[in-house]
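Me: Hi! Could you walk me through this structure? I'd like to go bit by bit.

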Amino acid sequence: YIKYMNYIELECKIIPEFPGKEIITAQLADIGFESFVESDNAIFAYIPENNFNENEILKLPVLNSEHFKISINHKLIKEQNWNKAWESNYEPVLIAGKCFIRAPFHPPNKNSEYEIIIEPQMSFGTAHHETTSLMIEMMMNESLKQKSILDMGCGTGILAILSYKMEAENITAIDNDEWAYKNTLDNLNKNNIPCIKVLHGDANLLGFEKYDIILANINRNILLNDISKYSSVLNNNGILVMSGFYKRDLEMIKAEAEKFHLEFENYLLKNNWVAAKFIKITFNI
């Protein structure tokens with residue numbers, strides 16, 4: 001049973017835009033906002049109606065800073081109107097010249113190496129956001145053939161679907177949001193993929209099964225909290241790719257990863273968002 005919910009759209013106009021947009025996005029994410037859309041002069045942030053707390057927003061440091069001029073407005077987005085809102089702004093995306101992501105109502109692109117059909121619904125992960133794009137670029141630099149994959153915070157299922165198309169095996173996708181869980185199942189069906197395990201929950205579901213590659217595009221606080229669990233289910237010499245945080249947070253992420261034998265390899269950067277690659281170190285006893 002899926003419980004459908006309304007969302008609140010918060011419109012934020014901030015001057016100066018840089019680094020204002022970056023700062024307000026990070027602070028809203030810390031209080032539970034789940035996804036963000038950037039326009040020319042504003043940030044639109046989305047949170048389930050039940051989790052919306054205007055007093056929490058008004059206490060944000062950026063709103064009480066003398067360095068920024070900010071105006072905010074919010075409105076209710078009813079569940080049934082969400083897809084129309086997405087479709088009116090949703091354009092296909094080509095990542096790294098290889099991976100074409102489109103909605104069911106867009107024509108196919110026969111020249112791309114990989115094509116993924118995504119109906120975003122209420123879930124994060126359409127490749128329009130920098131973090132999803134960065135994760136896909138990172139994946140393009142790896143061989144996934146016959147590798148076991150864990151997609152943590154799968155959103156629309158886009159990374160799990162791409163893993164399948166890159167010939168990975170034993171793919172598991174997990175998200176703690178019911179919308180994302182349902183949306184991933186729907187997108188697997190749209191891409192004719194029957195064999196990805198999709199679970200509704202969080203890192204507490206991780207047990208004895210091990211993975212060659214873990215993909216985690218979530219947010220800084222959850223990543224910091226769950227890195228130890230990722231490491232525990234990652235094979236020796238396995239790869240962990242994480243995104244959902246800013247460049248200024250990279251040192252914090254690296255420091256936490258090192259505690260659990262995860263060696264920093266490299267990172268990609270786009271508009272101050274980062275995707276970072278780590279390798280599980282093996283020890284000879």
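Me: What do the side chains of Arg248 and Asp249 meet in?

Reply: They meet in a salt bridge, at 4.0 Å from N to O. Keep in mind that this is a predicted model.

Me: And which other residues do salt bridges with shared partners join into one network with them?

Reply: Glu22, Asp30 and Arg220 are joined with Arg248 and Asp249 into one network.

Me: Is Asp249 buried or exposed?

Reply: Asp249 is buried, because its relative accessible area is 4%, and the cut-off for buried is under 20%. Arg248 is partly exposed, with a relative accessible area of 46%.

Me: OK, how many salt bridges does the structure hold?

Reply: It holds 13 salt bridges. Arg102 and Glu115 form one of them, with their closest N and O atoms 3.4 Å apart.

Me: What about Lys197 and Glu209, how far is it from N to O in their salt bridge?

Reply: The N to O distance there is 3.2 Å. This pair links distant parts of the chain, twelve residues apart. Lys197 is in strand 10 (residues 197–200), and Glu209 is in the loop between strand 10 and strand 11 (211–217). Lys197 counts as partly exposed, at 40% relative accessibility, and Glu209 is partly exposed too, with a relative accessible area of 35%.

Me: Changing topic: where does Pro92 lie?

Reply: Pro92 lies in the loop between helix 3 (82–89) and strand 5 (93–95). With 31% relative accessibility, Pro92 counts as partly exposed.

Me: Which residues does Pro92 touch, leaving out those up to four places away in sequence?

Reply: Pro92 touches Phe100, Ile101, Arg102 and His106.

Me: Now helices. Which residues in helix 8 are buried?

Reply: In helix 8 (residues 250–258), the buried residues are Leu250, Ile253, Lys254, Glu256 and Ala257.

Me: Why are those on the same side of helix 8?

Reply: They cover an arc of only 165 degrees around the axis, so they sit on the same side of helix 8. As a general rule, an α-helix has 3.6 residues a turn, so residues three or four places apart point the same way. On the other side of helix 8, Glu251 and Glu258 are exposed.

Me: What covers the buried residues of helix 8?

Reply: The cover includes helix 7 (220–232), strand 12 (234–246), strand 13 (262–270) and strand 14 (273–280).

Me: Last topic! How many residues are in the largest nonpolar core?

Reply: The largest nonpolar core has 38 residues. Those that touch the most other members are Cys99, Ile101, Ile116, Ile136, Leu162, Ile196 and Leu215. Helix 4 (residues 130–140) gives this core its largest share, six residues.

Me: And what does the second, separate core include?

Reply: That core has 24 residues, including Leu150, Tyr211, Ile214 and Met242.

Conventions
Residues are numbered from 1 along each chain as its sequence is written. This is a predicted model: local features need pLDDT of at least 70, side-chain atom pairs count only at pLDDT 80 or more; totals for chains, interfaces and linings use all residues. Side-chain values use heavy atoms; hydrogens and water are left out. Helices (H or I, at least four residues) and strands (E, at least two) are DSSP runs, numbered from the N terminus. Buried means under 20% relative accessible area, exposed over 50%, partly exposed in between (1.4 Å probe, protein chains only). Contact means heavy atoms within 4.5 Å. The arc is that of the directions from the helix axis to the C-beta atoms. A nonpolar core is a set of buried Ala, Val, Leu, Ile, Met, Phe, Trp, Tyr and Cys residues joined through side-chain atoms within 4.5 Å.
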